[in-house]
Amino acid sequence: MNLFEEIKCYQPLNEQEACDKEQMLWYMAHSENYLLRENKTAHFTASVWTVNKARTKTLMVYHNIYHSWSWIGGHADGIEDLRSVALRELSEETGVKNAVLVSPEIFSLEILTVDGHIKRGAYVPSHLHLNVTYLVEADENEELVVNEAENQAVKWWSFGDALKVSEEPWFVEWVYKKLVERCR
């Protein structure tokens, strides 16, 4: 099944996901290069909500651009298999090598706004991330590695603490709370 079909078959959890799903499908039908960051309006990204085996903690990074604790993810960069993108980003950003997808199914959908910023010395204009999230399980005792190009720290947080440490109110209210609830 291709990405368009996967998103089309996804059952939204709430109004936010229903609206975002509709916009993603429309954008895919009417735009080119939606898998590439060269599309400066909107492009696909993949994230992982990484949980421990007991499903009581989540792994987060302190993100260099957003100056906040956040989930883990990155750009599709032309790859339609967003599961592989999500797992690659988890490994690159945290050093976790032995994570497993809890399910191949999409865990959540969200369209994220990205303010203009400097990356690798060049200005990146404000744009949208059409984000697909997957649920991943990892061993909280596996050695963590900071990827200094992407983040300043990597840490496991209880679900309650994860909702407190993020400096991004919209993410906490519309994304992280939803992900925590889906894990319960």
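Reader: How do the residues lining the second largest pocket divide into nonpolar, polar and charged?
Author: Five are nonpolar, one is polar and three are charged. Keep in mind that this is a predicted model.

Reader: Which residues line the second largest pocket?
Author: The lining consists of M1, E6, C9, Y10, Q11, R83, P104, E105 and I106.

Reader: And how much space lies in there?
Author: The second largest pocket holds about 170 Å³.

Reader: OK, the largest pocket then. What volume does that one have?
Author: About 840 Å³. Its lining is made of 39 residues, and those closest to the centre are H63, Y66, H75, V114 and H129.

Reader: Changing topic. Which residues have the most contacts inside the largest nonpolar core?
Author: I7, F44, L82, L90 and V132, in a core of 33 residues. Elements giving two or more residues to this core are α1 (3-9), α2 (15-30), β1, β2 (57-63), α3, β6, β9 and β10 (151-158).

Reader: What does L90 touch, leaving out residues up to four places away in sequence?
Author: L90 is in contact with V48, T50, L59, I72, G95, V96, A99 and V136.

Reader: What about a second core, how many residues does that have?
Author: The second core has 19 residues, among them V51, W69, F107 and L179, and is separate.

Notes:
Residues numbered from 1 in each chain as written. Predicted model: local features only at pLDDT ≥ 70, side-chain atom pairs only at ≥ 80, totals over all residues. Heavy atoms only, no water. 1 Å grid on protein atoms, 1.4 Å probe; cavity = no way out; pocket = protein on both sides within 12 Å on 5 of 7 lines; lining within 4 Å. Points joined across faces, edges and corners; volume = space filled by probe spheres on them. Nonpolar A, V, L, I, M, F, W, Y, C, P; charged D, E, K, R; others polar. Core = buried A, V, L, I, M, F, W, Y, C linked by side-chain atoms within 4.5 Å. Buried < 20%, exposed > 50% of the residue type's maximum accessible area, 1.4 Å probe, protein only. Helix = DSSP H or I, 4+ residues; strand = E, 2+ residues; numbered from the N terminus. Contact = heavy atoms within 4.5 Å.
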